[in-house]
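Hi,

Here is the structure I said I would pass on. Have a look through it first, and then read my notes below.

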Amino acid sequence: MNEDSIVRVRFAPSPTGYLHLGGLRTALFNYLYARSKRGKFVLRIEDTDRSRLVKGALANLLEIFAWLGIDFDEGPHIGGDFAPYVQSERLDIYRKYADELIMQGNAYRCFCAKERLDEVREGQIAGGKPPMYDRLCRDIPAEESRSRAENEKFVVRLKMPLEGEIKFKDGVRGYISFDAGGIDDQVLLKSDGYPTYHLANVVDDHLMKISDVIRGEEWVPSTPKHIHLYRCLRWEPPRFHHLPLLLNPDRSKLSKRQGDAGVEDYRAKGFLPEALINYSALLGWHPSDDREFFSREDLIREFSLERVTKAGAVFDVDKLTWLNRRHLNAMSDVDFLVRAKDNIPASMDFSSDAGKRALKSIREGLERFSDIPEKMKPFTWNWEGEIPADVRERLDSETAQEVYRVILERRNEIEKWDTDAFKGLMKAAGKAAGVKGKDLWMAVRAATTGSLQGPELTLMADYWGKERFFGHIAKAVEFDER
């Protein structure tokens, strides 16, 4: 691939239900590379494994990418010069090239039944040999093969070299060499007429003029098969860049089976798309300095494949949470309030000016938007449910009850309720009850929030309004009379 060619990269997921964090990282690196090089970013759907399809998966995928703010230049949802972008709609194309490979002698029909293949595999494993096809059908004469194909089921296999080496340059790992004789004759076309990944991705990458293939390192062992396939078809291969694995903290491969590994999981937990993008970029790539906080625009300016690392990258939820907090704090007040509303239960109304001030009061200690309901509980507390023992003790105290009685006595003296009125009331109540400092404020907090900790009481009283505030205090007096 010419170094000066137009950059065209692709993200080619299978529609299997959710976007894995590894898939996000792969898509992101492709996206950042394309944007940094003013190239094209293509979405292609690899749905040839019909057993794994999940209904609605493509729509879900597009929705999650829209939420992340990752856009495509071509794809099944927007079209493009190389449509269709769904592999199940390109079957005639794959059959054409499979037939061409057979005609050239670079591929062959294999008529072996599954039972025979299983038996061969089991025998090889029992003998301590690597399992691979024994090439029984490799040398069937062409005429016999054509004749049998009319009545028997078959797959098409790639005819790999029996000796020599296949060498290629990886943009992350440098030159990699494989012994050709140890590589299996890979199935290219299945008996149902659908291609395997190996044939479909090589054909599509060539026809869609993909310049760079950026994918996970688990595809490194498959690359020599792809290189050989490019040679058989007399096509120039793209540049290959294999990204390091994503790992759990115990260094095992990040997997859905071992916890939350889907982007949807983290969205549901209230993480910001900006934080997921920022953190995912740092999983296997390092900037030119020691910065860790990046906007999308920063990443596009900074990103380069030369700074992708070989070592596996550990996914650390604590680090993601730290970055999420950084992005929350970097938001404008307007943006914060607009986006916070999506995480507020219908029972909580913070649309008033006082409500907006209340929301902003919890922002500094907020880690995720999904924490808002818990953080806002003091604002919406009522006297239903269990009251903690330390709060009950405070409510029962003679000091607190005297404060409550004094506050209620002054209820009708207040005409306009605002923060100044509340502060004045507290000062007067403390003086009349002979209480000040912690004993005064804790007594009122216990009566109005059901807790001894929380946001500033002045902001909370402003949000409640006069009637609700005095209603809480009246309940506190009733609590003493039970």
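This is a predicted model: local features need pLDDT of at least 70, side-chain atom pairs count only at pLDDT 80 or more; totals for chains, interfaces and linings use all residues.

The largest pocket holds about 1,400 Å³ of space. There are 48 residues lining it, and if you want to find its centre, look for Pro13, Ser14, Arg52, Glu218 and Trp219, which are the closest to that point. Besides helix H1 (21–36), at least two lining residues each come from strand E1 (8–11), helix H2 (57–68), helix H6 (197–207) and strand E8 (212–216).

Next, two helix pairs. Packed helices are described by the angle between their axes and the distance between the axes.

Start with helix H13 (residues 353–361) and helix H20 (residues 457–464). Their axes come within 8 Å and cross at roughly 150°. Angles over 145 degrees count as roughly antiparallel, so that is how H13 runs relative to H20. The crossing of H13 with H20 is left-handed. On the H13 side you will find Ala354, Gly355, Arg357, Ala358 and Ser361, and they meet Leu459, Asp462 and Tyr463 in H20. Sorted by class, the contact of H13 with H20 comes to 4 nonpolar, 2 polar and 2 charged residues.

The other pair is helix H18 (residues 419–433) with helix H19 (residues 438–449). Here the axes come within 10 Å and cross at roughly 120°, which makes H18 oblique to H19. This crossing is right-handed. H18 brings Phe422, Met426 and Gly430 to the contact, while H19 brings Leu440, Trp441 and Val444. What classes do the residues in the contact of H18 with H19 fall into? There are 5 nonpolar and 1 polar, with no charged residues.

Finally, a couple of backbone details in the loops. Most residues other than glycine have a negative phi, and most peptide bonds are trans. With that in mind, check the bond from Ala83 to Pro84: this peptide bond is cis, with omega near 0°. Pro84 sits in the loop between H2 and helix H3 (91–104). Then go to Arg135, which is not a glycine but has a positive phi of about 65°. You will find Arg135 in the loop that lies between helix H4 (114–126) and helix H5 (142–149).

Happy browsing!

Definitions and conventions: Residues are numbered from 1 along each chain as its sequence is written. Side-chain values use heavy atoms; hydrogens and water are left out. On a 1 Å grid over the protein atoms alone, a cavity is a set of points where a 1.4 Å probe fits but cannot get out, and a pocket is an open set with protein on both sides within 12 Å along at least five of seven lines; lining residues have an atom within 4 Å of a point. Grid points are joined across faces, edges and corners, and a volume is the space filled by probe spheres set on the points. Helices (H or I, at least four residues) and strands (E, at least two) are DSSP runs, numbered from the N terminus. Axes are lines fitted to C-alpha atoms, for helices over the stretch in contact, and angles run from 0 to 180 degrees between N-to-C directions. Angles under 35 degrees count as roughly parallel, over 145 as roughly antiparallel, 65 to 115 as roughly perpendicular and the rest as oblique. A crossing is left-handed if the near helix is turned anticlockwise from the far one by less than a right angle, and right-handed if clockwise. Contact means heavy atoms within 4.5 Å. Ala, Val, Leu, Ile, Met, Phe, Trp, Tyr, Cys and Pro count as nonpolar, Asp, Glu, Lys and Arg as charged, and the others, Gly among them, as polar.
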